[in-house]
Amino acid sequence: MTSLTAAGLHHQVDGPLSAPPLLLGPSLGTSLAVWDPQVAGLTRSHRVVRWDLPGHGGTPADLLPPGGGVPELGREVLKVADALGIDRFAYAGISLGGAVGTWLAVHHPERVTSLAILCSSARFGEPQDWQDRARTVRTSGIGQIADGSAGRWFTPAFAGDPAARALVDTMRATDPEAYAALCEALAAYDLRADLDRVTAPTLVVAGRNDPATPVAHARELADGIPGAGLVEIPGAAHLANVERPDAVLSALLGHFATAAEAGSDDGTRHAAGLSVRRTVLGDAHVDRAIARTTPFTAVFQDFITRYAWGEVWTRPGLDHRTRRCLTLTALIALGHHGELEMHLRAALGSGDLTPDEVQEVLLQSAVYCGVPAANSAFALADRIIAESAAPKEK
């Protein structure tokens, strides 16, 4: 680990010098420590460079010129990269840090090999709201804003966690004038018209319970950036990487591993596979699977997304409805009841197969897979159909 403070952004370097570089940008009100939950996992494959915003952590408060905004922050990040001898790099940023990464990908595409944008936006709401916040900090100090930060950053269930309290305490130490200037930078930021200029492989990560940058902001980014993927993390607010560290780490590891092979077909297969997986199994199931992924299982999740979903399910020779029937039959024959239940629920829930059509598949399986196997499948399907038909409690 190397921590450096020069005339520019204070930054810290972790991981092997020979590994591909990955720059990490923080959110407003936090320091580079906001990335602590992911550093150990990311440094297994990257040389990680984290940096502090002006007036945050170890960066001087007066680094930006008057009226300086996201472009000036982006240029300061490039100075850090240049000082470290880094020509091209992967980048991940949270909120304001994500805006800096998006600006870099638009205006310096030759430098950014891949991009992850966490809990961020192409436009952070109405400019007047940020100008009002800047005025509040200048007149009353940062305490009032810090007092409300836990409610913006975390879900109520996590707000009392020691990690959450530590970040709120960090915000109290932020320079008020620098914070106010960055609020004005966010007020002026609007990259919506330029999103289609991003050429780096991009992943957008959203917290499902984020009040600061709601999921709609993430979807606008993902829709506007060509080929971008989107992962929504359930049970997480604005600092999703702190509240759900393993889920975010797994998403980042999968994205950067795939982007590193962008010269091959693997990146395309992963993106196509994730899309088909969501279509076949539903967003809720895929989101739960991603949220349960650990650094240990991430490689398997990447494998099945590319191989099963991106290479087989995407082939044009059979439609999804036919593939569903074949999959159900194979799972019945092999007695994989957990997977069978998942695919039955998905087939019925999507409307691809009706209960009558499932019944036909099970009868066919009774002939070719065996009566005992079909008997278990009928019982399972009957329960699922009954549950779906039962009135929901209000």
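User: At what angle do helix α16 and helix α18 pack, and how far apart are their axes?

Analyst: In this predicted model, helix α16, which covers residues 337–350, packs against helix α18, residues 371–389, at an angle of about 40°, and their axes are 10 Å apart.

User: Why are α16 and α18 called oblique to each other?

Analyst: Angles under 35 degrees count as roughly parallel, and 65 to 115 as roughly perpendicular. The angle here is about 40°, and α16 and α18 are therefore oblique to each other. As for handedness, α16 passes α18 in a right-handed crossing.

User: Which residues make the contact of α16 with α18, and how do they divide by class?

Analyst: From α16 come H337, L340, E341, L344, R345 and L348, while α18 brings S376, A377, L380, A381, R383, I384, I385 and E387. By class, this contact of α16 with α18 has 8 nonpolar, 2 polar and 4 charged residues.

User: What makes α15 roughly antiparallel to α16?

Analyst: The two helices, α15 and α16, pack at an angle of about 155°, with their axes 9 Å apart. Angles over 145 degrees count as roughly antiparallel, and that makes α15 roughly antiparallel to α16. Here α15 passes α16 in a left-handed crossing.

User: Which residues of α15 and α16 make this contact?

Analyst: On the side of α15 they are R324, T327, L328, L331 and I332, and on the side of α16 they are E339, L340, H343, L344, A346, A347 and S350. Sorted by class, the contact of α15 with α16 has 7 nonpolar, 3 polar and 2 charged residues.

User: Why are α4 and α8 described as roughly antiparallel?

Analyst: Helix α4, residues 127–140, and helix α8, residues 176–188, pack at an angle of about 170°, with their axes 8 Å apart. Since angles over 145 degrees count as roughly antiparallel, α4 and α8 are therefore roughly antiparallel to each other. Among the residues making the contact are W130 and V137 of α4, together with Y179 and L186 of α8. The residues of the contact of α4 with α8 divide into 11 nonpolar, 1 polar and 4 charged.

User: Which helices each supply at least two residues of the lining of the second largest pocket, and which gives the most?

Analyst: The helices α12, α13, α14, α15 and α16 each supply at least two residues of that lining, and α14 gives the most, with 5 residues. The second largest pocket has a volume of about 470 Å³ and is lined by 20 residues, of which I304, W309, E339, M342 and H343 lie nearest its centre.

User: How do the residues of that lining divide by class?

Analyst: The lining of the second largest pocket has 11 nonpolar, 6 polar and 3 charged residues.

Methods. Residues are numbered from 1 along each chain as its sequence is written. This is a predicted model: local features need pLDDT of at least 70, side-chain atom pairs count only at pLDDT 80 or more; totals for chains, interfaces and linings use all residues. Side-chain values use heavy atoms; hydrogens and water are left out. Axes are lines fitted to C-alpha atoms, for helices over the stretch in contact, and angles run from 0 to 180 degrees between N-to-C directions. Helices (H or I, at least four residues) and strands (E, at least two) are DSSP runs, numbered from the N terminus. A crossing is left-handed if the near helix is turned anticlockwise from the far one by less than a right angle, and right-handed if clockwise. Contact means heavy atoms within 4.5 Å. Ala, Val, Leu, Ile, Met, Phe, Trp, Tyr, Cys and Pro count as nonpolar, Asp, Glu, Lys and Arg as charged, and the others, Gly among them, as polar. On a 1 Å grid over the protein atoms alone, a cavity is a set of points where a 1.4 Å probe fits but cannot get out, and a pocket is an open set with protein on both sides within 12 Å along at least five of seven lines; lining residues have an atom within 4 Å of a point. Grid points are joined across faces, edges and corners, and a volume is the space filled by probe spheres set on the points.
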